[in-house]
Amino acid sequence: MAYKHYIDSNRCKGCGLCVAVCPKKVLELSEEINTKSYFPVYQARPEDCIFCATCCIMCPDMAVTITEEIEDRPKQPA
Ligand code: SF4
Ligand code: SF4
């Protein structure tokens, strides 16, 4: 099963809650501002993400989502 972690940078207000709760220390605040003049969070170490969804639950602005990727299945013979 493949998952995708997505951060909507322009929803993020850079509060750092998700950075603090991530058990794998995946997240960091960017040094570049977003459209709301906040420093948004980004995945600094995406390879360490275990898709636990703690960051999604914690974010008050619903800026983080995890989606399940649909894998291509081999076609059945007719
Ligand atoms: S899903 Fe879990 S491991 Fe991945 S960034 Fe969020 S809190 Fe960290
Ligand atoms: S908890 Fe949400 S608003 Fe706060 S830094 Fe993380 S993604 Fe941004």
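## Basis of the model

The model is predicted: local features need pLDDT of at least 70, side-chain atom pairs count only at pLDDT 80 or more, and totals for chains, interfaces and linings use all residues. Residues are numbered from 1 along each chain as its sequence is written, while chains are lettered from A and ligands numbered from 1 in the order in which they are written.

## Overall fold

The chain has two helices and four strands; these are DSSP runs numbered from the N terminus, helices being H or I of at least four residues and strands E of at least two. Their order from the N terminus is β-α-β-β-α-β.

The C-alpha trace spans about 55 × 25 × 20 Å along its principal axes. The radius of gyration of the chain is 15 Å, whereas a compact globule of 78 residues would have a value near 12 Å. This radius is taken over C-alpha atoms, and the globule rule is 2.2 Å times the number of residues to the power 0.38.

Of contacts between residues at least 6 apart in sequence, 61% join residues at least 24 apart. A contact requires C-beta atoms, placed from the backbone, within 7 Å.

## Ligand surroundings

Ligand 1 has 13 residues around it, and Cys 22, Val 26, Cys 49, Cys 52 and Cys 55 come nearest. Ligand 2 is surrounded by 14 residues, the closest being Cys 12, Cys 15, Leu 17, Cys 18 and Cys 59. A residue is near a molecule if its C-beta atom, placed from the backbone, lies within 6 Å of it.

The shell around ligand 1 holds ten nonpolar, two polar and one charged residues; that around ligand 2 holds ten nonpolar, two polar and two charged. Ala, Val, Leu, Ile, Met, Phe, Trp, Tyr, Cys and Pro count as nonpolar, Asp, Glu, Lys and Arg as charged, and the others, Gly among them, as polar.

Buried residues make up 15% of the 78 in the chain. Buried means 20 or more other C-beta atoms within 10 Å of the residue's own, exposed 12 or fewer, and partly exposed in between, with C-beta atoms placed from the backbone.

The largest nonpolar core has eleven residues, including Cys 12, Cys 18, Cys 22, Val 26, Cys 55 and Cys 59. Such a core is a set of buried Ala, Val, Leu, Ile, Met, Phe, Trp, Tyr and Cys residues joined through C-beta atoms within 7 Å. Leaving out residues up to four places away in sequence, Cys 18 touches Leu 27, Val 41, Cys 55, Met 58, Cys 59 and Val 64.

## Glu 68

Glu 68 lies in strand S4, residues 64-69. Glu 68 counts as exposed because 10 other C-beta atoms lie within 10 Å. Beyond neighbours within four places in sequence, Glu 68 is in contact with Met 1 and Tyr 3. His 5 is 63 residues from Glu 68 along the chain, and their C-alpha atoms are separated by 9.1 Å.

How values were computed:
Two residues are in contact if their C-beta atoms, placed from the backbone, lie within 7 Å.
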